[in-house]
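Please look through the sequence and the model below before reading on. The report then moves from the whole chain to a few single residues.

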Amino acid sequence: MTQSVFKQDVFNVLHHAGATALRSADLGDGLSVAQWYNEDGEAAYDQPGHHTFSIYLNGGQSVERIYSNGPRIGGAPGKICLLPEDHRSRWHIPKPLEMFHLYFSPEKIKSLAMQVLDRDPRQVELQDLTFEADNYAENILKYAVLPLDWEEKSNKLALTAAADLFMIHILKNYARQPADLPDVKGGLPKHICKRLDEYLHTHFGEAMGIEDLSALAGYSSYHFARMFKQSFALPPHKYLNNIRIQKAKEMLAAGRLSIAEVSLACGFSSQAHFTNSFKKAVGLTPRQFQTL
């Protein structure tokens, strides 16, 4: 059966081409997975708007990716393909096969690059790969994804964790760095440092994230985190934690609040979290400190 070019996501292109989704799961936050059976078909992708990481499960040796100078053949169980969000490709599937797909948004992998690998999200430029061997990815699929019941809600966390492993692996091995990407150098201006320091000492008991502080400073989250560390010698979360511990010591020494009240006033998520953080920083539990 022939498939015309659909300007839509890969899942719907395959569905319209007559492939059968054996199972699929929406993991939220720009992530989804699918297991496909396909035979005697064709598919064409035109800038689907999301990244696709695929691994052949059964068959695939006769699959052709059609290029202007002719087809490339070479799929097989365990082989991977990586299709960036803006890629265009045509495929011919003459014989039955099964394959796994991970779909992830550009925003999701950029966020992961910044949060987990401390990498500038501008560096997330994925390679276009076809029929490559990847034992690491194959083992994640074999042991952490395929054995799970995707319809069981309790398995959603495990599937999401496996998806994160795939994406971190992709970032480490299949993401290019643009040659003209400038480095971020220098710290924050002095007046911004003063504004941030005053804000943190005033609002230390409130919930806040890197996005809140970077917006206050007027920088992107990535630039802000690096410039903050250069200016204050600590990442934002550690600097804030130090302020909270110091404020907690002052409150405990004053003796007017209980440990639970001090924990809440200083912005800790729970008394247990407060106790662990305090002991790590001070060497004593809040109760031991209070009885000195």
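What follows is a description of the chain as a whole and then of selected residues.

This is a predicted model, in which local features need pLDDT of at least 70 and side-chain atom pairs count only at pLDDT 80 or more, while totals for chains, interfaces and linings use all residues. Residues are numbered from 1 along each chain as its sequence is written, and side-chain values use heavy atoms, with hydrogens and water left out.

**The whole chain**

The chain holds 11 helices and 12 strands, where helices (H or I, at least four residues) and strands (E, at least two) are DSSP runs numbered from the N terminus. Its radius of gyration is 25 Å, well over the 19 Å that the globule rule gives for 292 residues, so the chain is more spread out than a compact globule. That radius is taken over C-alpha atoms, and the globule rule is 2.2 Å times the number of residues to the power 0.38. Along its principal axes, the C-alpha trace spans about 80 × 45 × 30 Å.

Of the 292 residues, 43% count as buried; here buried means under 20% relative accessible area, exposed means over 50%, and partly exposed is in between, with a 1.4 Å probe and protein chains only. The chain exposes about 15400 Å², of which carbon and sulfur atoms supply 50%; such areas come from the Shrake-Rupley method with a 1.4 Å probe, and for residues only the protein chains shown count as cover. Among the contacts in the chain with a separation of 6 or more, 72% are accounted for by residues 24 or more positions apart, a contact being heavy atoms within 4.5 Å.

The chain carries 31 positive and 32 negative side chains, and the centres of the two sets lie 9 Å apart. In this count Lys and Arg are positive and Asp and Glu negative, while His and the chain ends are not counted; the place of a charge is NZ of Lys, CZ of Arg, CG of Asp or CD of Glu. A search of the whole structure for disulfides finds 0, a disulfide being a pair of cysteine sulfur atoms within 2.5 Å.

**Residues in helices**

F228 belongs to helix α7, which covers residues 221–232, and at 0% relative accessibility F228 counts as buried. Leaving aside neighbours within four places in sequence, F228 is in contact with L188, L196, L200, A233, L234, P235, P236 and Y239.

I168 is part of helix α4 (residues 156–174) and is buried, with a relative accessible area of 18%. Beyond its neighbours within four places in sequence, I168 is in contact with L112, V116 and L117. I168 and L117 are 51 residues apart in sequence and 8.1 Å apart in space, C-alpha to C-alpha.

H191, in helix α5 (residues 190–202), is exposed, with a relative accessible area of 54%.

E132 sits in strand β11 (residues 129–133) and counts as partly exposed at 32% relative accessibility. Not counting residues up to four places away in sequence, E132 touches R72, G78, K79 and I80.

S105 lies in the loop between β9 (97–104) and α2 (106–117), where it counts as buried at 15% relative accessibility. With residues up to four places away in sequence left out, S105 touches G30 and H51.

Most residues other than glycine have a negative phi. Q47, in the loop between β3 (41–46) and β4 (51–59), has a positive phi near 50 degrees and is partly exposed, with a relative accessible area of 40%. A233, in the loop between α7 and α8 (236–254), also has a positive phi, near 70 degrees, and is exposed, with a relative accessible area of 61%.

**Pairs compared in sequence and in space**

The table sets out C-alpha distances for pairs of residues.

| Pair | Separation in sequence | C-alpha distance |
|---|---|---|
| I168 and L117 | 51 residues | 8.1 Å |
| E132 and P121 | 11 residues | 25 Å |
| H191 and T160 | 31 residues | 41 Å |
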